[in-house]
Amino acid sequence: MNNIDKFMDAANRMLDEEEQKKAVAANEKALYGELKEQAADREKAARATIKELELAKLHAEKAQGTYASGETLKADGTVRVAPQEEVVYVENETTKKSGSGVSGFIAGAAVVLLLAGGWKLYKEAKEGNIELSSTSTKNITETATPEAREAQTGDVTHDYANNEAVVITEAPVAEVETPIYEELTNDNFEYLVATYADMYNEAYAKANVSTEDITEFVAIANVDLLAEENPELLSQIAAGQTKEEFLNDAAKVIGASVMHNFTVWNATHSTEGFIRVSDAIYGEQREQMKKIEEYTDRIAAAVNQGDKDLVNQIVSEFLTDLNSGSLSKLDDGVGFVAQVNIATIADGIARNYLNKENFDMFQILKTSEKYVSNIFTVIDRCAEETKTYSR
């Protein structure tokens, strides 16, 4: 390859590079408002260089035609094409120049913004402003592009939905304070009862449910926790009646809750106004009750779609969870008051959609046999322990 051919190859390569620079500069100008003037200068410089290269290429083409006709090629690589016009190809040129230099440094838009003295963009989270912050940056080679490597801290991307620059930063790891668990003391229990009673006062008042009934209901719902953390209070609430009477008073609240939910469902076909028994649960078991309530919401949504298969699919999932999943580990009191949701689903929301298998399973669950005997055992044990402490 002669010197003119080499020059032509170099000129074409540098034209491509300058076209890339022009595109990068144009993209920067569009994406980054605060750097618009700098991007415009680079775009202008790239345009000027392109014109120079195109002119040089034209001269080379003329020189190539002359050389083919037998024109003498100078020993220094200079070809005479016209008076005062020459094209020079320097074979060993290795120096890279920035700005409008012929061998300008080519980099993607994100890389360009991270150069110049280690300045890096960062985005203010609340105001959405882009500012410059003096920080160190990692070395980035000419050939590195955002598409060719994994995103790194300091990379700049563009959020096209919001038309703003976004810089990848290492967010500080926030220290999460673990809530301090408080046992179910007398005060905490009284607050739980008062909050629940106030929340559903109107619904229970219509069913002649008293504050004493609600207190016993909340005590049964949390019977396992009370037995462990505050057995004296449990015995105090149960005092003066048999354990069967105690449980029946709690069951009265369950019945009133189910009837309220039936009324809401029949009027609105929505679970929005349902009594949520999770509001009466203390501690970690509240999340388990919320999961049961989520199943109720999902079954209601499937019924509203008129999809019998989907209803039974979700019901089967719910029953399996109660039998062998995370819900199989319910405390006895929580499992007992879950009757509110089981009866609401089986006898109200999904009663016209259940297949025989799911219907039969619900009939077994509604007896609550697996929970009742354990609750009686807990009440008897607390009563005995309280007698022992008082002697």
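**Charged and aromatic side chains**

A: Asp-380 counts as partly exposed, at 39% relative accessibility. In this classification, buried means under 20% relative accessible area, exposed over 50%, and partly exposed in between, computed with a 1.4 Å probe on protein chains only. The model is predicted, so local features need pLDDT of at least 70 and side-chain atom pairs count only at pLDDT 80 or more, while totals for chains, interfaces and linings use all residues. Residues are numbered from 1 along each chain as its sequence is written, and side-chain values use heavy atoms, with hydrogens and water left out.

Asp-380 is joined to Lys-243 by a salt bridge, with the closest N and O atoms 3.3 Å apart. The two residues are 137 residues apart and link distant parts of the chain, Asp-380 being in helix 15 (residues 369–390) and Lys-243 in helix 9. A salt bridge here is a side-chain nitrogen of Lys or Arg within 4 Å of a carboxyl oxygen of Asp or Glu. Helices (H or I, at least four residues) and strands (E, at least two) are DSSP runs, numbered from the N terminus. Lys-243 is itself partly exposed, with a relative accessible area of 25%. Its charged end sits over the ring of Phe-376, 5.7 Å from the ring centre; this requires NZ of Lys or CZ of Arg to be within 6 Å of the ring centre and within 35 degrees of the ring normal.

Lys-252 is partly exposed at 38% relative accessibility, whereas Asp-213 is buried, with a relative accessible area of 9%. Helix 6 is largely enclosed by the rest of the structure, because nine of its eleven residues are buried. Among these buried residues are Asp-213, Glu-216 and Phe-217.

A salt bridge of another kind of placement is found between Lys-290 and Glu-287, whose closest N and O atoms are 3.9 Å apart. Lys-290 and Glu-287 are three residues apart in helix 10 (residues 285–304), and therefore about one helical turn separates them. An α-helix has 3.6 residues a turn, so residues three or four places apart point the same way. Lys-290 is partly exposed, at 35% relative accessibility. In the whole structure, the search finds eight salt bridges.

Turning to the aromatic rings, the count comes to five aromatic pairs. The ring centres of Tyr-295 and Phe-318 are 5.0 Å apart with their planes at 35°, so this pair is tilted. Because Tyr-295 lies in helix 10 and Phe-318 in helix 11 (residues 308–324), the pair ties together parts 23 residues apart in sequence. Both residues, Tyr-295 and Phe-318, are buried. Rings of Phe, Tyr and Trp (its six-membered ring) pair if their centres lie within 6.5 Å; planes under 30 degrees apart count as stacked, over 60 as edge-to-face and the rest as tilted.

One aromatic cluster is formed by Tyr-196, Tyr-200, Tyr-204 and Phe-217. Arg-276, in the loop between helix 9 and helix 10, is in contact with Tyr-196 and Tyr-200, and its other contacts, leaving aside neighbours within four places in sequence, are Thr-271, Glu-293 and Asp-297. Contact means heavy atoms within 4.5 Å.

Gln-288 lies in helix 10 and is buried, with a relative accessible area of 17%. Beyond four places in sequence, Gln-288 is in contact with Ser-326, Leu-327 and Leu-330. Asn-312, in helix 11, is buried at a relative accessible area of 7%. A polar atom of the Asn-312 side chain lies 3.0 Å from the backbone oxygen of Lys-308. Not counting residues up to four places away, Asn-312 touches Tyr-353, Leu-354, Asn-355 and Asn-358.

As to confidence, the protein chain averages a pLDDT of 77, and 65% of the residues score at least 70; pLDDT is the predictor's confidence in each residue, from 0 to 100. Over residues 68–148 pLDDT stays under 50.

Methods:
Polar contact = N/O pair within 3.5 Å; in protein donor to acceptor, adjacent residues only side chain to side chain.
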